[in-house]
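Welcome! Take a moment to turn the model around, and then we will walk through it together, from the whole chain down to single residues.

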Amino acid sequence: MSFEPINQINISLDFGQADPVSVGRLALRDGRIYFEYDGDFIRSGLEISPLRCPLQPGVQTFDPHLFEGLPGVFNDSLPDGWGRLLLDRKARLEGLMPAQLSPLDRLAYVGHSGMGALVYKPDFGPGDAPEVLDLNRLAADAKQVLDGEASDVLQELLRLNGSSAGARPKAMIGVDAKMQNIIHGTQPMPEAFEPWLVKFPNVTDGQDAGAIEYVYALMAVEAGLEMESVHLFPGVGSAGYFATKRFDRNGSTRLHTHSVCGLLHSDFRTPSLDYEDLIALTMILTKDIREAEKMYRLAAFNVLAYNRDDHSKNFSFIMDGAGKWRLSPVYDLTFSSGPGGEQSTMVMGEGRNLRVEHLVKLGQEAKLPTSIIEDAIEKTKTTLGAWTRLAEEHGVMRANINLVASKIQG
């Protein structure tokens with residue numbers, strides 16, 4: 001890695017349909033990050049982060065102890081977990097300490113290949129090519145990296161990571177309509193391919209982690225949640241690799257995405273949110289009761305399905321080129337324990353001993369129709385009743401089938 005510290009980053013919005021629109025710039029001075037919108041972008045009226053990075057003239061600064069001083073909207077572009085591990089490992093191989101990389105250096109490495117529609121210059125992101133990929137080889141390469149080995153495959157794994165978040169190894173891929181041919185997916189790809197994201201097991205995962213997440217996705221859709229298409233790719237020595245179509249892409253169109261973590265400057269590592277907050281935020285941002293109902297259905301599913309890792313990075317909103325916001329399709333749904341075994345996002349102040357009564361009260365406080373409340377809860381419970389059958393069909397281990405069945409409220 002040829003390294004010269006970056007002191008300024010230029011930011012644009014690239015919706016994929018025209019030339020990117022300049023948003024503004026970030027500057028690093030004496031260890032402090034400063035941001036300023038372009039005047040033309042202010043006049044456009046597009047609010048990319050209305051709550052914590054308002055569309056106004058002048059220099060803005062942010063809490064230096066949160067997101068290393070970045071506004072949350074740009075922190076959303078940075079990979080964490082697996083992606084950060086890859087870049088840190090690459091830095092060490094080049095004789096650098098990871099602490100030498102500022103958030104601006106890391107954004108330069110994201111460049112044009114990140115999630116959403118925000119792009120950054122200078123762009124030091126690795127190049128890409130539509131070469132055919134072998135998922136089993138990628139899974140083996142990821143395992144070697146997690147084991148502290150395989151320095152020779154770091155560059156390719158970095159090319160495939162984009163700015164995906166989370167601890168599990170991931171790759172941005174392109175997949176054809178038959179789900180057979182797979183190519184690199186962080187750059188523009190041939191028309192016959194669609195952008196997808198595939199996950200591989202972490203060191204703490206069992207070999208059926210992908211199958212569990214796949215079954216949860218099937219149940220989520222049956223319960224009425226909006227989710228992009230999913231697939232379970234066959235894997236050597238595992239029940240398969242979970243993959244999902246990317247919701248921040250629609251053909252060549254890119255969509256601006258913003259997590260609740262970034263929107264509210266709510267650190268996902270110290271959970272403090274309640275689903276009551278999320279429903280209120282959904283109404284403020286989208287001004288659409290139908291989107292609030294989607295958030296309520298997601299709350300019901302997470303609680304009843306024992307998905308307790310429902311922190312602020314696992315909820316996102318999408319903005320199109322006209323500035324209209326909506327709740328993103330759901331993602332990262334699986335069986336999981338939260339901090340101390342509690343729900344990461346509470347329901348009416350309760351995080352540990354959650355019952356249907358808490359969900360009913362949540363819906364009532366949000367002034368949702370009784371029919372929506374009842375439908376969300378009953379449909380979810382009915383759907384979860386299919387857990388054992390679906391898990392058996394897709395290769396989940398018997399011990400995990402029994403464990404999940406003992407926890408979910410189906």
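Helices (H or I, at least four residues) and strands (E, at least two) are DSSP runs, numbered from the N terminus. Counted this way, the chain holds 14 helices and 15 strands. Its radius of gyration, taken over C-alpha atoms, is 21 Å, close to the 22 Å that the globule rule (2.2 Å times the number of residues to the power 0.38) gives for 410 residues, so the chain is as compact as a globular protein of that length. Along the principal axes, the C-alpha trace spans about 55 × 50 × 40 Å.

Before going further, a word on what you are looking at. This is a predicted model, in which local features need pLDDT of at least 70 and side-chain atom pairs count only at pLDDT 80 or more, while totals for chains, interfaces and linings use all residues. Residues are numbered from 1 along each chain as its sequence is written, and side-chain values use heavy atoms, with hydrogens and water left out.

How much of the chain is buried? Here buried means under 20% relative accessible area, exposed over 50%, and partly exposed in between (1.4 Å probe, protein chains only). Buried residues make up 55% of the 410 residues. Contacts (heavy atoms within 4.5 Å) also tell us about the fold: among those between residues at least 6 apart in sequence, 67% join residues at least 24 apart.

Now let us visit some loops, where the backbone has a few details to show. Between β5 (118-121) and α5 you will find Pro122. A cis peptide bond joins Lys121 to Pro122, with omega at about 5 degrees.

Next, move to the loop between β2 (21-29) and β3 (32-37), where Asp30 lies. Asp30 is not a glycine, yet its phi is positive, at about 50 degrees. Is Asp30 buried or exposed? Asp30 is exposed, with a relative accessible area of 86%.

Our last stop is His265, in the loop between α8 (260-264) and α9 (275-286). His265 is another residue other than glycine with a positive phi, a value near 50 degrees.
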